[in-house]
Amino acid sequence: MTSLSFVGIMPAAGIGSRMQLELPKQYLQFGGRSMIEYSLLALLAETRIEKVIVALHPEDKRFQQLAISLDPRIYTVTGGVSRSKSVLNALCSLSSSDQVMAVVHDAARPCLSAGDLKLLLDQAQQDPKQGAILATPVRDTMKRAKGGYVLRTEARNDLWHALTPQVFMASELATQIMAANSAGVDITDEASAMEWAGFRPALVKGSSNNIKVTQADDLALAACLLQQNGHQENQ
Ligand SMILES: Nc1ccn([C@@H]2O[C@H](COP(=O)(O)OP(=O)(O)OP(=O)(O)O)[C@@H](O)[C@H]2O)c(=O)n1
Ligand SMILES: C[C@](O)(CO)[C@H](O)COP(=O)(O)O
């Protein structure tokens with residue numbers, strides 16, 4: 001197996017417009033911590049991750065008020081106008097990225113489990129060229145719509161929900177995000193940029209509990225899932 005190091009990259013420069021709150025969602029508090037702290041702690045608990053680079057909104061004044069910002073393994077950069085630009089800014093801050101794999105994880109996914117992260121890094125170490133992402137198979141019957149009516153039912157066998165973290169060689173990922181951005185390709189996750197360049201990232205089946213907090217009612221669910229996880233870990 002290749003000797004590689006892992007660096008966490010956390011895009012956290014979003015404003016959470018779909019939550020329709022004054023506060024960017026990553027700073028919402030539940031169970032005694034803010035969402036971004038849970039997401040960071042999940043990465044930092046994995047011993048193979050040496051440091052985490054957090055991309056913050058240019059006007060962010062909140063991150064430095066969190067106790068976790070004093071952790072010596074955490075570095076910050078200024079994020080960009082889109083998620084992919086925030087990820088790119090963090091990747092570009094790496095001085096030497098030759099043998100480094102980037103573990104990109106949304107600040108808005110606070111329920112990542114240690115077990116899922118371990119499986120993902122194991123797979124990325126086995127096949128670093130293609131990289132790997134956490135994903136869950138779709139569960140429901142899938143409908144193709146047209147004008148608000150069902151056009152047909154789609155085969156769901158090979159459909160997955162892409163989650164984060166997503167792990168790729170840092171320098172290759174930076175190259176492909178830049179290429180996709182220059183070509184005007186819409187990339188909503190790291191895998192999209194790599195796929196567009198011809199790579200075939202591995203899908204690592206993760207827990208559907210690793211939700212992205214997107215709408216207001218996702219917050220109560222995230223709090224509930226985290227409480228459940230904490231409860232299980234203490235048993
Ligand atoms: N310019 C941006 C936009 C998003 N993100 C981050 O990307 C992750 C996933 O994005 P999303 O859920 O879309 O977050 P927001 O952009 O904050 O939400 P919305 O789209 O509702 O505005 C979040 O951790 C968010 O902070 C980022 O770093 N830089
Ligand atoms: C990266 C991501 O979380 C994978 O599911 C997602 O693509 C983020 O972007 P979105 O605009 O909230 O879909």
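**View 1. Ala102 and its partners in the nonpolar core.** In this predicted model, Ala102 touches Val7, Ile9, Leu91, Val167, Phe168, Ala170 and Leu173, leaving out residues up to four places away in sequence. Ala102 belongs to the largest nonpolar core, a group of 54 residues. Along with Ile9, Leu91, Met101, Val103, Val167 and Leu173, Ala102 is among the residues that touch the most other members of this core. Here is a handy rule to remember: in soluble globular proteins, nonpolar side chains tend to be buried together.

**View 2. Helix H4 and the elements it packs against.** Helix H4 covers residues 170-182, which makes 13 residues. From its first C-alpha to its last, H4 reaches 18 Å, close to the 18 Å expected at 1.5 Å a residue. Which residues of H4 are buried? They are Ala170, Glu172, Leu173, Ala174, Gln176 and Ile177. These buried residues pack against E1, H2, strand E6 (100-104), E10 and helix H5 (190-196). After H4 comes Gly184, with a positive phi near 75°.

View 3. The residues around ligand 2 are Arg83, Asp106, Ala162, Leu163, Thr164, Thr188, Asp189, Lys212 and Thr214. By class, they divide into 2 nonpolar, 3 polar and 4 charged.

**View 4. A cis peptide bond at Thr164 and Pro165.** Take a look at the link between Thr164 and Pro165: it is a cis peptide bond, with omega at about 5°. Pro165 lies in strand E10, and Thr164 is one of the residues around ligand 2.

**View 5. Two residues in the loop between E1 and E2.** Gln20 sits in the loop between strand E1 (5-12) and strand E2 (29-30), and Pro24 is placed in the loop between E1 and E2 too. Is Gln20 buried or exposed? Gln20 counts as exposed because it has 8 C-beta neighbours inside 10 Å, and the cut-off for exposed is 12 or fewer. Gln20 also has a phi near 55°, a positive value in a residue other than glycine. For comparison, most residues other than glycine have a negative phi. Pro24, in turn, is buried, because 22 other C-beta atoms lie within 10 Å and the cut-off for buried is 20 or more. Leaving aside neighbours within four places in sequence, Pro24 is in contact with Gly14, Ile15, Gly16 and His57. Pro24 and Ala13 stand 11 residues apart in sequence, and their C-alpha atoms are 8.7 Å apart in space.

**View 6. Stepping back to the whole chain.** The chain contains 6 helices and 11 strands. Its C-alpha atoms fill a box of roughly 55 × 40 × 40 Å along the principal axes. A compact globule of 235 residues would have a radius of gyration near 18 Å, and the chain agrees, with 18 Å. Of the 235 residues, 36% count as buried. Among contacts between residues at least 6 apart in sequence, 71% join residues at least 24 apart.

How values were computed
Residues numbered from 1 in each chain as written. Chains lettered and ligands numbered in written order. Predicted model: local features only at pLDDT ≥ 70, side-chain atom pairs only at ≥ 80, totals over all residues. Near = placed C-beta within 6 Å. Nonpolar A, V, L, I, M, F, W, Y, C, P; charged D, E, K, R; others polar. Helix = DSSP H or I, 4+ residues; strand = E, 2+ residues; numbered from the N terminus. Core = buried A, V, L, I, M, F, W, Y, C linked by C-beta atoms within 7 Å. Contact = placed C-beta atoms within 7 Å. Rg over C-alpha atoms; globule rule 2.2 N^0.38 Å. Expected span 1.5 Å × (residues − 1).
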